[in-house]
Amino acid sequence: MMITASVTGMVLSAMPIGDYDKRLVILTKERGKIAVFAKGARRQNSAFLACSQPFSFGEFMLYEGKNSYNLVSVDITNYFDELRRDLEAAYYGMYFCELTDYFTHENEDGTYALKLLYQSLRALTQKSIKRPLVKSIFELKLIAVNGLAPQVFSCVKCGKTDSFSYFNKEAGGMLCNSCKEKSAGSVKISAATIYTMQYIISSSIGKLYTFTVSQEVMSELKVCVESYIGLYIDKKMKSLDLLKKLF
């Protein structure tokens, strides 16, 4: 008897297999990140041709084999065509998918990570918020979703909740004026940047992309988030390298 499962998810990546098939990596609400084989997806008349591309979001009906999933049918509700038509936005989106792939796993609740990815891809299509800010917000919130957020509400060392203005990636967050003397590599940042990080970490996903920041805050935020997230990544993100080279 065929065992089928219906999952809601988004295609993170697609890789050709053999002459006509594809191997999809899909982030799902119900089962976390899973690998799915889409047979015949590379044929021009395949019903899976359009849906087996990154950013495709919808309901996937799967045949659950002993060691793998096979795609049976699909109902895509959003292809994110706006991203596909904008090269810069597409590269940002590819990076978001690659980073999500890195931080998610099979057999876990993928609801929060999926919602974050979905809303972040939508934000890339909005002109009201600059893409570098979307990137920093996404990176910091994704770390927070995985329980790895830096401590930005008090001094990491002594717990003081005021007079902290130095970010130290190795220490794991903010340091007060006294404690920073004992920690090399601390970066002084503005109160506005501290508040921005606090807001990103503590806010619901629906409120993440509702603000803008000054260029000074953007620069400080970028330095803090990129240096911190680098502590937890032990591989090169190919899409990020391409993004930096092209834009």
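Within β5, Tyr69 is the bridge partner of Val36. Two bridges link β3 (residues 32-38) with β5 (residues 69-78), and this pair runs parallel. Pairing here takes at least two DSSP bridges between two strands; strands are DSSP runs of E with at least two residues, helices are H or I runs with at least four, and both are numbered from the N terminus. This is a predicted model, with pLDDT of at least 70 needed for local features and 80 or more for side-chain atom pairs, while totals for chains, interfaces and linings use all residues. Residues are numbered from 1 along each chain as its sequence is written, and side-chain values use heavy atoms, leaving out hydrogens and water.

Zooming out, five strands make a closed barrel in the order β1-β2-β3-β5-β4, with mixed pairing. From one strand to the next, the twist averages 50°.

Helix α3 (residues 111-124) lies across β1, β2, β4 (57-64) and β5, at about 60° to β1. Axes are lines fitted to C-alpha atoms, for helices over the stretch in contact, and angles run from 0 to 180 degrees between N-to-C directions.

As for α2 itself, its 17 residues reach 25 Å from first C-alpha to last, close to the 24 Å expected at 1.5 Å a residue, counting one less than the number of residues. The helix is mostly covered, with twelve of its 17 residues buried (under 20% relative accessible area, 1.4 Å probe, protein chains only). Among them are Tyr91, Tyr92, Phe96 and Phe103.

How values were computed:
Contact means heavy atoms within 4.5 Å. Buried means under 20% relative accessible area, exposed over 50%, partly exposed in between (1.4 Å probe, protein chains only).
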